[in-house]
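Visitor: I have a chain on the screen and a few questions about it. Can you walk me through the model?

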Amino acid sequence: MARVLVIEDDAAINDVVATRLSHDGHAVTQAFSGSEARLLLGEKDAAYDLVISDLMLPGSTGEELVGLIRERKDAMPVIVISARTTAADKVDLLRLGADDYLTKPFDLDELAARVEVQLRHRGDAAPSGAPLRWHRWTLDPDARTLTVAPGEAGEKGGAVSLTKIEFNILEALVRRPNRVFSKSELFELAWSEPFAGDDSTVAVHVSNIRSKLRETGTDDYLKTVWGMGFKLA
């Protein structure tokens, strides 16, 4: 779980972003002005893993907030969301210290994917070597192995052989077990490259994972959310 500060004076946009990120398992703090954001960032025990900020804010501008964060030598990622669309605006913000820039109106799935990318680069999704567990599954990110514990009803346990992509898909799901991942998000997380537009690629790999898990009786952990993507049951 990451701690995210959302700074946006449009209450409707702020609320919808906060709701989506909370659904993804993050702890979200909302600020509705630059002044409020300054107070939150200046609190003694303030500790955020990522900031999402608009530019045109009352009190202090988004540019001022980005500059403030970078002046403190703070390495937290900053994603700017703004109606400004010129290349010059984006270049200036990136030079100032923003890590990413998303133009309004934006797609929530795209924003969520960019949040995941920034957190992954920072290493906040979970320590790479920490075992990941979901019910009878144990994933070891360092050894790249999946082990299934025997079931109480006599279901078979043991190691399950996975390809690199299959492991990447399961790792993404287990790291955010309450989140519904779109096929495009899983593709980018598993392949580490932009989505190519072929939904069937991810579906085929999920089907292969289910086939390998069927003998253990845990294939139903992978749930299809029709029209949206996949999550853990």
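Visitor: Which residues of helix 7 are buried?
Guide: This is a predicted model. Helix 7 covers residues 183-191. A residue counts as buried under 20% relative accessible area. In helix 7 that holds for Glu185, Leu186, Phe187, Leu189 and Ala190.

Visitor: What is the phi of the residue that follows helix 7?
Guide: Most residues other than glycine have a negative phi. The residue after helix 7 is Ser192. Its phi is positive, near 55 degrees.

Visitor: Is Ser60 buried or exposed?
Guide: Ser60 sits in the loop between strand 3 (50-53) and helix 3 (62-71). Its relative accessible area is 6%. The cut-off is under 20%, so Ser60 is buried.

Visitor: Which side chain makes a polar contact with that of Ser60?
Guide: Set aside the neighbours within four places in sequence. Ser60 is then in contact with Gly34, Ser35, Arg38 and Leu65. A polar contact of 2.7 Å links the Ser60 side chain to that of one of them, Arg38.

Visitor: How many bridges join strand 1 to strand 2?
Guide: Strand 1 takes in residues 3-7, and four of its five residues are buried. Strand 2 takes in residues 27-31, and the two run parallel. Arg3 stands opposite Ala27 in strand 2. The number of bridges joining strand 1 to strand 2 is five.

Visitor: What is omega for the bond between Lys104 and Pro105?
Guide: Most peptide bonds are trans. The bond joining Lys104 and Pro105 is cis. Pro105 belongs to the loop between strand 5 (100-103) and helix 5 (108-122). Omega is about -10 degrees.

Visitor: Is His135 buried or exposed?
Guide: His135 is in the loop between strand 6 (132-134) and strand 7 (137-140). Its phi is positive, near 50 degrees. The relative accessible area of His135 is 60%. Exposed means over 50%, so His135 is exposed.

Visitor: How does Arg144 count by accessibility?
Guide: Arg144 is in the loop between strand 7 and strand 8 (145-148). Its phi is also positive, about 60 degrees, though Arg144 is not a glycine. Its relative accessibility is 34%.

Visitor: What percentage of the residues of the whole protein chain count as buried?
Guide: The chain has eight helices and 11 strands. Its C-alpha trace spans about 65 × 40 × 30 Å along the principal axes. Of its 233 residues, the buried share is 45%.

How values were computed. Residues are numbered from 1 along each chain as its sequence is written. This is a predicted model: local features need pLDDT of at least 70, side-chain atom pairs count only at pLDDT 80 or more; totals for chains, interfaces and linings use all residues. Side-chain values use heavy atoms; hydrogens and water are left out. Buried means under 20% relative accessible area, exposed over 50%, partly exposed in between (1.4 Å probe, protein chains only). A polar contact is a pair of N or O atoms within 3.5 Å; within protein, one must be able to donate a hydrogen and the other to accept it, and residues adjacent in sequence count only if both atoms are side-chain atoms. Contact means heavy atoms within 4.5 Å. Two strands pair if DSSP finds at least two bridges between them.
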